[in-house]
Each structure stands twice: as structure tokens, then as C-alpha cells.
Amino acid sequence: MFKRHRSLASDRKRELFFQRVSRSIMKNDIRNFHSLSQLVLSAGPLKATPAVKHSKTTHFEIEILDAQTRKQICIVDKVTQRATIHDVKQKFHKTCPKWCPSRVGLQLEYGGPFLRDDITIQSVAASSIITLYFTDLGQQVSWTTVFLAEYTGPLLIYLLFYLRISYVYDRKESTRSIRHPVVHLACLFHCIHYIRYLLETLFVHKVSAGHTPLKNLIQGCAFYWGFTSWIAYYINHPQYTPPSFGNRQVTVSAINFLVCEAGNHFINVMLAHPNHTGNNACFPRPNYNPFTWMFLLVSCPNYTYEIGSWISFTVMTQTLPVGIFTLLMSIQMSLWAQKKHKIYVKKFNAYMHRKSAIIPFIL
């Protein structure tokens, strides 16, 4: 009897123990659920994950037609928006290897201007399909080659005449006559002028990386080399007569020639300065150098000094060929200066007040 009562008591204790354990577990679950609920509410509403946007690159298809026959030459595809005309020429060259990029001329419309190499395709595209007209520009040469050829020829040609080679002048007459000092001075100044040209082409001027037809090189060389031969023949001739006013005329002209040469050089250096080039260009302003003060009067002082040099050389040598060459060069430079002056007026109107193009107060 006692043993049975004891077993019932132990069973009762076990039941109470398990009830307490289950209650504590339920309380802990309720607390955990409450804590999780508070955490979710404090975090706020759930935000949707942003969708990843895939950039779509637009490609153009360029149809290239012959400008003369209007027949299709090829189609350049997969051209991006940022591609330039130069890139199109490169792809066109891969398709048609017989035409190198330098001799490829592309037009947006027949008879229109040729597109520059730096123009982007996006700027000329009206749709995804673009039609360009091709023109063969012929054999091309770089601008640096053109300038070096034009200036090296006169330098060497003049020296050949100065040496009085036998097949140019009569040997007996050349040995008899005594040269006037102005002949030696003219040779020196002529060499200084073209050596300056060559050095500035190589180290000062920012020559365009583009190309020009071979015929322009031939025309330029024919002009410079031909006039140099004519000028040198007369100045170095054994029967050459010195200037009418003698040493005074030679001295004044020589000083003015050197001043104009120095001014031309300093102006070219100033124009080549990085602060005056590019999209944020500003009109050059004179500085402490007196040769740059010409900018206060004209917009193209380099042409002003150039004409001054040749006028001084004409007066110093007093020869007709030099005078004709100076006249032609003055006309050509005046046209260039007026064209540049109009561009300067549009871009830098505030700096162009009362300025002339090339000759102060006149032109």
C-alpha cells in the first residue's frame, strides 16, 4: 500500500515538471515572436530590389556610294555612336584596301562639303542607316611634307645661284666682276628667312595631321622654287647694279628686315602657345614683348611682319622679280588675313574693336 502511494506521488511530480517545462518553452516562443515582430516593424516596409538596367548600344549601318555613278561600293556595319568619320574610313579601307584612308573623301550629300575626320557619326545620323558618298581624293601627302619641300627648295636653289655655277653664268664675266656687299647680304637674309621657316615648321607650328592632294605640293613647289630661281638669277648676276641710294638704302632696309623677321617669329611662337588653341581658345593678347604689341592694331600680325620682310628685301635689292613676288604674296596674305579676321570677329567680338586685318587702320 505504501509502495503504491509512493509511485503515484512520483508520477504526479513528473507531470508537474513537464507542465512547467512546456509553459516556459511557450513563454520563450512568445517572447521570440514578439521580438521578431518588433524588428520587422522597425525596419519598415520591404523595398523591391531594383532591376538591373542593361545599356543598349546603338549601332549604325553606313552605306557608301560612288559619288559619280551613285552605285553602292560597300556597307560598313556595326558602327557605334561615338565612332568618327576617321573610324569609318579605317573600316572602309579594310573592306576596300586599294583606297587608303588619306585619299578617301566622304560627303553626306552629293556635291556637299567633305566631312572632317573628327566628326562623330551620331552628329550626322538621321536614322540607323546612313548614306555617304565616296570620292577618291587622289594621292595625298602630309602638310609637314608640303611645307618642308616648299621651304627647302628655295634655300638650296638660291645658294646654287650665289655660287655662280658655270652653266648659269659666263665664267669669265663672273671672275671679272666684283660683287657688291648687298649681294652677300641678300644671300644671308634669304637663308635666314627660309631657315626660320623650316625650324618653325618642325618645332613651333602645330601642323595639321591631315593630308592634302599631291597637286597642291607640286603647285606650291613650282611657285616658290620658280620665283626663287628668278630672284636669285638677277641678284647674283655679274651685271647686277646696286641700289640707287647706296648704303643708306641698304642699311635701313636691312634693319627693317631683321625687325620684321624677329616680330614674325615671336608672333608665331605666341600663336602656337597652348593657351590660345583648342575649344577654349581666346584671342592672343600682347605681353611684355614689344613685337607682340602689333596685336593691338591688327588681328593677323604674322602676315603684317611677313609682308614687311619682303618689302624690305625688295627695297634693299631693288630688283623687279622680288617686287613681283612681294606683290603676289601680299595679295594672297591679305585674302588669308581677311578670312581669319571675319572668324575672329565672330568668336572674339570684344577683342576686335577697331582692329584691322593686316594693315593698321587701312585693311
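User: Which helix gives the most to the nonpolar patch?

Analyst: α10 does, with 7 residues. Helices here are DSSP runs (H or I, at least four residues) and strands are E runs of at least two, numbered from the N terminus. This is a predicted model, so local features need pLDDT of at least 70 and side-chain atom pairs count only at pLDDT 80 or more, while totals for chains, interfaces and linings use all residues. Residues are numbered from 1 along each chain as its sequence is written, and side-chain values use heavy atoms, with hydrogens and water left out.

User: What makes up that nonpolar patch?

Analyst: W230, Y233, Y234, L320, I324, L327, L328, I331, L335 and W336, covering about 960 Å² of surface. The elements giving two or more residues to the patch are α7 and α10. To get into a patch, a residue needs over 30% relative accessible area and no salt bridge; nonpolar side chains (Val, Leu, Ile, Met, Phe, Trp, Tyr) are joined within 5 Å, and like charges within 9 Å. The areas come from the Shrake-Rupley method with a 1.4 Å probe, and for residues only the protein chains shown count as cover.

User: Take I331. Where is it, and what is its relative accessible area?

Analyst: I331 sits in helix α10. It is partly exposed, at a relative accessible area of 45%. The scale is: buried under 20%, exposed over 50%, partly exposed in between (1.4 Å probe, protein chains only).

User: And Y234, what does it touch?

Analyst: Skipping neighbours within four places in sequence, Y234 is in contact with Y240 and P321. Contact means heavy atoms within 4.5 Å. Y234 is in helix α7 and is partly exposed, with a relative accessible area of 42%. Y234 and V322 are 88 residues apart in sequence, yet 9.4 Å apart in space, C-alpha to C-alpha.

User: Who is I235 in contact with?

Analyst: Beyond its neighbours within four places in sequence, I235 is in contact with Y158, V183, A186, Y240, F313, T317, T319 and V322.

User: Switching to charges. How many salt bridges?

Analyst: The count comes to 6, where a salt bridge is a side-chain nitrogen of Lys or Arg within 4 Å of a carboxyl oxygen of Asp or Glu. R196, E200, E261 and E306 are linked in a network of them.

User: What does R196 pair with, one by one?

Analyst: With E200, the closest N and O atoms are 3.1 Å apart; both residues lie in helix α6, 4 residues apart, about one turn of the helix. With E261, the N to O distance is 2.8 Å. That pair joins distant parts of the chain, R196 in α6 and E261 in α8, 65 residues apart. With E306, the closest N and O atoms are 3.5 Å apart, and here R196 in α6 is linked to E306 in α9, 110 residues away.

User: Last topic, the strands. How do β1 and β2 pair?

Analyst: β1 (residues 59-66) and β2 (residues 72-80) pair in the antiparallel sense over 6 bridges; the pairing rule asks DSSP for at least two bridges between two strands. L65 stands opposite Q72 in β2. The two strands form a hairpin with 5 residues between them, and R70 in the turn has a positive phi of about 60 degrees.
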